[in-house]
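This report describes the fold of a single protein chain, from its helices and strands to its cores and backbone details. The sequence and structure are shown first.

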Amino acid sequence: KVAIKGIERELICPACKELFTHPLILPCQHNVCHKCVKEILFAFEDSFADGGSESSNQSSPRIRISASSMDRIDRINRSGRKRNSLTPRSTLFPCPSCQRDIDLGERGINGLFRNFTLETIVERYRQAARAAIAIMCDFCKPPPQESTKSCMDCSASYCNECFKIHHPWGTAKAQHEYVGPTTNFRPKILMCPEHEMERVNMYCEICRRPVCHLCKLGGGHANHRVTTMSTAYKTLKEKLSKDIEYLISKESEVKAHISQLDLLLKETECNSERAKQEASQSFEKLYHVLEEKKSAALRAIETSRNIRLEKLQTQVEEYQGLLENNGLVGYAQEVLKETDPSCFVQTAKQLHVRIQKATESLKSFRPAAETTFEDFVVDTAKQEDILGDLSFHSNGLEIPEINEEQSRMYNKALISWECPGKTDSADIYVLEYHKLNKEEESVTWQKTEVCGKSKVLSDLDDDSSYAFRVRGYKGSICSPWSREVIMRTPPAPVFSFLFDDKCGYNSEHLQLNPRRTSVESRAGFPLLLGSERLQVGCYTTLDYIIGDTGIAKGKHFWAFHVEAYSYLVKVGVVPSNKIQKLFHNTHDVTSPRYEQDSGHDSGSEDAFFDSSQPCTLVTLGMKKFFIPATPAAPKDPASRILPLPSCLGICLDCDRGRVGFYDAGRMKCLYECEVDCSGLMYPAFALMGGAAVHLEEAVTAKYREYHDDI
């Protein structure tokens with residue numbers, strides 16, 4: 001038998017780190033205290049209400065929510081916000097054991113089973129730990145007597161006398177089940193948490209939990225494979241017994257592994273100390289080199305200082321000699337007092353030369369030495385960068401590569417990377433980025449640490465190019481930097497909208513998805529019926545749809561995808577005062593010159609056709625982007641046809657009255673023109689035949705993590 005005191009690790013709640021109290025079984029088969037489950041959910045609700053502030057973590061003194069759990073709050077709340085109103089609401093719970101977000105279903109905590117078996121084991125452990133402290137009778141008058149038995153039906157403890165009084169012979173209470181003194185009372189029959197009046201009598205093999213017959217008939221387990229409770233009991237008990245017997249039979253092998261691990265612990269300690277000494281020696285060498293360089297630099301500065309001071313001091317003394325009755329001037333004044341011509345000439349000749357030099361130095365005064373020490377400024381920028389990158393480089397860590405296809409620049413920047421070997425050998429990654437600016441000589445990288453393989457950045461400037469690089473860390477060991485990738489942000493803030501399903505929406509020809517982020521035009525049965533009225537040369541119509549939000553001022557950008565199979569799509573903007581004209585103007589695809597009754601075949605009507613359009617649109621289709629025929633456009637039609645980008649963008653500048661059409665993948669402008677912004681401007685789309693348009697999804701704080709889960 002395994003001693004009860006040796007299993008305390010299995011009896012500790014992963015949230016409060018104390019012995020379990022009324023443990024609940026999560027769908028992931030881990031156990032958490034009932035109170036801890038409620039406190040974690042309340043903490044998450046407070047975090048959502050407070051915008052995820054750090055202060056909300058302290059709502060419970062029992063639990064401490066980890067940083068990784070708090071990082072998942074956005075994803076939990078987002079999943080609740082993005083649910084359709086018709087979808088049943090479910091509760092997501094971050095399991096503190098497996099760190100996964102567990103769906104608790106519509107009933108939340110009320111749908112979880114209480115683990116009575118674990119409660120019983122915890123109670124036995126508590127009794128063993130407190131050396132069987134006496135449990136007192138609940139019905140004795142003070143002072144209470146020590147209890148001798150506990151009634152499982154009454155959930156109370158009794159001494160012998162009180163038990164006889166409350167369970168008289170010949171009554172129904174005399175048939176109650178009683179056990180030895182205990183504080184752990186469990187129900188005789190396990191009831192279904194979803195159908196409270198039904199007892200569980202089956203076991204769902206898919207969900208791995210007991211269920212009742214109503215759960216199987218019409219509940220959430222209707223299509224699941226179930227078995228009887230007795231069969232599940234027998235099967236699981238046999239499996240568990242065999243596994244336990246196997247582990248016990250391998251006891252000697254386990255002890256050998258423990259001994260080996262003990263040796264590895266000691267070896268790790270020795271190797272770590274040796275690594276510390278080697279690292280200290282390496283840094284001591286660097287200190288020694290720096291000290292030598294420092295001493296040499298200080299000596300050079302001191303020598304230059306002494307030489308300059310000496311020169312300046314000599315110059316000061318020379319100029320002091322030019323003062324009256326002082327130095328050279330004083331000496332010259334004394335020489336002038338000489339009356340003997342021969343003696344005067346003998347002395348004055350040399351004196352006159354010195355006086356001339358002094359006069360010339362006065363006319364062109366220049367200090368004998370420079371006062372600045374600019375030549376002695378030590379430039380340590382490169383060395384600082386090298387020292388900043390100083391780490392334990394290892395060939396075992398793969399160099400991560402930024403995945404440009406999965407990375408996105410939209411309302412925020414999503415930077416994704418992966419390792420060539422597809423293995424996550426690094427514990428953490430460091431992402432660095434900086435704005436490309438030709439005017440700045442030095443580059444200042446901004447740094448952020450990431451636990452996963454993607455990062456969402458929200459502090460980037462619009463209409464700017466940025467360079468990104470990433471490296472992996474495993475402890476103190478790091479990989480070299482990845483190749484730098486340059487990406488450009490949108491030319492303006494991102495404008496969010498959905499397709500309008502009311503104004504002019506043709507539900508017979510167009511189909512919207514439930515979220516109104518995608519529209520599809522199908523050449524189906526309604527169009528086939530309408531073709532009975534069409535003859536050669538008649539007009540073919542476009543089906544228009546606009547955004548549900550207008551723009552009054554400022555500069556805005558939005559992006560979308562056009563399916564490659566699309567035959568004809570027009571995209572652009574329309575003012576509010578021309579929306580009605582847009583939906584009533586059905587003759588907007590084929591030029592009148594092709595009509596049989598037009599009587600001519602000139603292209604003069606094309607100019608009238610372009611100017612008569614109620615909105616500014618460009619044409620897409622058959623994997624091509626068609627630049628409109630304007631005076632500034634190339635005359636050769638072939639040069640006006642470009643490959644259709646995978647993602648298109650539109651930038652509307654209401655203040656300047658300009659609209660631009662972009663390759664949103666490279667943020668490159670393909671075509672720009674003037675537009676009348678006198679009223680509210682709405683995004684406009686037109687489709688014909690088989691075509692589809694999908695609005696670009698905004699990048700959220702946990703975009704990649706959320707989509708990976710999906």
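Helices (H or I, at least four residues) and strands (E, at least two) are DSSP runs, numbered from the N terminus. The expected span of a helix is 1.5 Å times one less than its number of residues. This is a predicted model, in which local features need pLDDT of at least 70 and side-chain atom pairs count only at pLDDT 80 or more, while totals for chains, interfaces and linings use all residues. Residues are numbered from 1 along each chain as its sequence is written, and side-chain values use heavy atoms, with hydrogens and water left out.

Helix α8 spans residues 251–320, 70 residues in total. From its first C-alpha to its last it reaches 101 Å, close to the 104 Å expected at 1.5 Å a residue. Buried residues (under 20% relative accessible area, with exposed over 50% and partly exposed in between, for a 1.4 Å probe and protein chains only) in α8 are Ala279, Ser304, Arg308 and Gln315.

## The chain as a whole

The secondary structure comprises 15 helices and 34 strands. The chain has 710 residues, of which 34% count as buried. Its accessible area, computed by the Shrake-Rupley method with a 1.4 Å probe and, for residues, with only the protein chains shown as cover, is about 44,700 Å², and carbon and sulfur atoms supply 53% of it.

A contact requires heavy atoms within 4.5 Å. Among contacts between residues at least 6 apart in sequence, 61% join residues at least 24 apart.

## Nonpolar cores

A nonpolar core is a set of buried Ala, Val, Leu, Ile, Met, Phe, Trp, Tyr and Cys residues joined through side-chain atoms within 4.5 Å. The largest one has 48 residues, and Trp558, Phe560, Leu652 and Phe685 touch the most other members. Strand β25 (residues 555–562) gives this core its largest share, five residues. Domain 3 (409–488) and domain 4 (491–585 + 613–629 + 637–709) both contribute residues, so the core lies between them; the domain bounds come from an automatic or database domain assignment.

Strand β33 (residues 681–688) is largely enclosed by the rest of the structure, because eight of its eight residues are buried. Met681, Pro683, Phe685 and Leu687 point one way from β33, whereas Tyr682, Ala684, Ala686 and Met688 point the other way. In a regular strand the side chains alternate between the two faces of the sheet.

Two strands pair if DSSP finds at least two bridges between them. Strand β24 (residues 543–546) pairs with β33 in the antiparallel sense over four bridges, and Asp543 stands opposite Leu687. Strand β26 (residues 568–575) is also antiparallel to β33, over eight bridges, with Pro575 opposite Met681.

Strand β16 (residues 428–435) is mostly covered, with six of its eight residues buried. Its antiparallel pairing with strand β19 (residues 465–474) runs over eight bridges, in which Glu432 has Arg469 as its bridge partner. The antiparallel pairing of β16 with strand β17 (residues 446–450) has five bridges, and Val430 stands opposite Glu449.

An open sheet of three strands has the order β7-β6-β8 with antiparallel pairing. Its edge strands, β7 (156–158) and β8 (178–179), each pair on one side only. Strand β6 (residues 149–151) and β7 share three bridges, and Cys151 has Ala156 of β7 as its bridge partner.

Pro143 lies in the loop between α4 (116–129) and β6. A cis peptide bond joins Pro142 and Pro143, with omega about -5 degrees.

## Residues with positive phi

Gln29, in the loop between β1 (23–25) and β2 (31–33), is a residue other than glycine with a positive phi, near 75 degrees. At 32% relative accessibility, Gln29 counts as partly exposed.

Arg516 is found in the loop between β22 (510–512) and β23 (518–521). Its phi is near 60 degrees, again a positive value in a residue other than glycine, and its relative accessible area of 23% makes Arg516 partly exposed.
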